[in-house]
Amino acid sequence: MAERGFRAGVLTPVLPRWGSPQSSMHAAFTSRHGMLPAVRALIDFLAETLPHTVQMCKETVSPTPASLDWTI
């Protein structure tokens, strides 16, 4: 996720007023039977960290177009 880049000023929003609709994320796997512990750990990690990370990205303050130094 790009949140750190925006906060550090390394990334700049190209379309600051544009947003995408809320969406769902899915993890697909064959079955729980015989699932490797590493796969289960990854699923648990993503379920725990992704909602917070997505929320942080939404809270990132974008610079207004007037504050950007545009030279044409």
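**A charged pair and its helix**

Modeller: Let's start with Arg40, which forms a salt bridge with Asp44; their closest N and O atoms are 2.9 Å apart. By salt bridge I mean a side-chain nitrogen of Lys or Arg within 4 Å of a carboxyl oxygen of Asp or Glu. Bear in mind that this is a predicted model, where local features need pLDDT of at least 70 and side-chain atom pairs count only at pLDDT 80 or more, while totals for chains, interfaces and linings use all residues. Residues are numbered from 1 along each chain as its sequence is written, and side-chain values use heavy atoms, with hydrogens and water left out.

The two partners share helix H2, where they sit four residues apart, about one turn of the helix. Helices here are DSSP runs of H or I with at least four residues, strands are runs of E with at least two, and both are numbered from the N terminus. Arg40 counts as partly exposed because its relative accessibility is 33%. Asp44, at 38% relative accessibility, therefore also counts as partly exposed. (Buried is under 20% relative accessible area, exposed is over 50% and partly exposed is in between, with a 1.4 Å probe and protein chains only.) A search of the whole structure finds one salt bridge, and Arg40 with Asp44 is such a pair.

Moving along the helix, we come to Val54, which also lies in H2, spanning residues 37–59. Val54 has 23% relative accessibility, so it too counts as partly exposed. Ala2 is 52 residues away from Val54 in sequence, yet their C-alpha atoms are 9.8 Å apart in space.

Stepping back, the protein's secondary structure comes to two helices and zero strands. Of its 72 residues, 8% are buried.
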